[in-house]
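Good morning, and thank you for coming. I would like to take you through one structure, one part after another. Please look at the model as I speak.

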Amino acid sequence: MLTAADSLPPRLLRNPHLQSVLGSSHLRRRRGLRALAATGAQTHEHILDGGNGARLQGWHSRVPGAAPRGMALLLHGWEGSAESGYMRLAAARLLRCGFEVFRLNFRDHGDTHHLNEELFHSNRLDEVVHAAADMVRLLRVRDLVVAGYSLGGNFALRLGLRAEVAGLPLRRIAAVCPLVDPATTMASMERAPQIYDWYFRRKWRSSLQRKRALFPERYQWDEATLALDMRGLMAWLAQRPAGFDSIDAYFDSYSIAGDRLAALPVPADILMAEDDPVIPYEDFRRWQLPPGATLEVARWGGHCAFMENLAGDGFAERWLAERLCAALPAA
């Protein structure tokens with residue numbers, strides 16, 4: 001079975017910033033689109049019930065005529081979407097080993113801003129758990145595995161804490177570079193090259209502008225608000241739309257640092273890159289994981305990229321699919 005030690009990109013791709021940029025590039029998006037199409041899977045849109053009026057969009061893919069070994073639920077990172085390259089590439093891998101795949105969009109991600117009036121924030125776990133349960137009911141899922149990248153990895157692990165109460169038949173979790181401590185991640189991004197701040201702020205501002213255009217009577221924030229730096233904009237989100245007392249209280253609400261996963265009853269595999277410029281490696285050094293969780297650390301990989309070549313192939317997708325395919329026997 002693959003281990004993190006098998007992640008050996010060529011020397012050209014051992015720069016963490018090059019890895020991270022290429023991992024979110026149009027190259028990977030096109031690669032993922034072709035890989036998913038090559039599986040021959042049929043894909044259909046579903047609007048799931050997230051509870052309390054929330055609606056979340058997802059895409060269900062299944063290879064016709066194949067008896068699936070189970071359902072794989074994929075969760076994207078912040079300001080990514082179900083159509084991100086890594087999501088499609090992971091879906092293609094899982095489809096080829098016999099899974100059905102459901103790629104879920106978080107609120108206000110992808111083309112879904114119109115579905116809900118309230119804004120997305122990272123403590124909206126309830127609606128993701130509720131939507132997962134709706135998907136299980138709708139598609140009659142008997143065996144479920146979940147995988148997530150970055151913030152999606154954080155959600156996947158927190159979903160594991162709630163799976164039993166929610167009635168989810170969750171058998172295993174795989175998380176790639178999950179966000180552990182939001183406060184240290186914010187500090188890390190502030191120290192990192194400006195490209196990360198530019199990338200995330202550009203996508204987030206575009207999302208907020210779209211939300212304002214869709215709900216002008218509800219949202220009337222000005223351009224000065226949108227021009228805030230990342231920490232300022234995050235503090236505004238935390239204290240205004242999200243309703244927390246402070247940015248620290250908001251960060252604490254979705255942190256999985258320390259022993260917060262100690263009660264995780266679902267087996268979990270976690271892949272981290274030592275050179276990740278977004279999620280500090282020290283967060284993983286201090287992590288207290290339950291016996292059923294395994295952390296693997298690769299020397300290179302950047303943030304969620306793990307690019308193996310310039311064609312856009314990623315080690316993380318191979319690793320993730322192997323772990324999840326081993327969790328359930330073939331049908």
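Predicted model: local features only at pLDDT ≥ 70, side-chain atom pairs only at ≥ 80, totals over all residues.

Let us begin with the sheet. It is an open sheet of eight strands with mixed pairing, and the order of its strands is E1-E2-E4-E3-E5-E6-E7-E8. At the edges stand E1, residues 42-51, and E8, each of which pairs on one side only. From one strand to the next, the twist averages 20°.

Strand E3, residues 71-75, and strand E4, residues 100-104, run parallel and are joined by five bridges. If you wish to find this pairing on the screen, look for leucine 75, whose bridge partner in E4 is leucine 104. A helix also belongs in this picture: H3 packs on the sheet and touches E2 (54-62), E3, E4 and E5 (144-149). The direction of H3 makes about 165° with that of E4.

Next, how do helices H2 and H3 lie relative to each other? The axes of H2, residues 26-38, and H3, residues 85-96, come within 7 Å and cross at roughly 25°. Angles under 35 degrees count as roughly parallel, and H2 and H3 are therefore roughly parallel to each other. Their crossing is left-handed. On the H2 side, the residues that make the contact include Arg28, Leu33 and Leu36; on the H3 side, Tyr86, Leu89 and Leu95 are among them. Sorted by class, this contact of H2 with H3 has eight nonpolar, two polar and five charged residues.

Finally, I ask you to look at strand E7, residues 268-273. Are its residues buried or exposed? Six of the six residues of E7 are buried, and the strand is mostly covered. The side chains of Ala268, Ile270 and Met272 point one way, while Asp269, Leu271 and Ala273 point the other way. Both groups are buried.

Strand E6, residues 170-176, runs parallel to E7 and is joined to it by four bridges; here valine 176 stands opposite leucine 271. Strand E8, residues 293-298, likewise runs parallel to E7, with six bridges between them. In that pairing, alanine 273 stands opposite alanine 298.

Thank you for your attention.

Definitions and conventions:
Residues numbered from 1 in each chain as written. Heavy atoms only, no water. Buried < 20%, exposed > 50% of the residue type's maximum accessible area, 1.4 Å probe, protein only. Helix = DSSP H or I, 4+ residues; strand = E, 2+ residues; numbered from the N terminus. Pairing = 2+ DSSP bridges. Axes fitted to C-alpha atoms, helices over the stretch in contact; angles between N-to-C directions. Parallel < 35°, antiparallel > 145°, perpendicular 65-115°, else oblique. Left-handed = near helix turned anticlockwise from the far one by under 90°. Contact = heavy atoms within 4.5 Å. Nonpolar A, V, L, I, M, F, W, Y, C, P; charged D, E, K, R; others polar.
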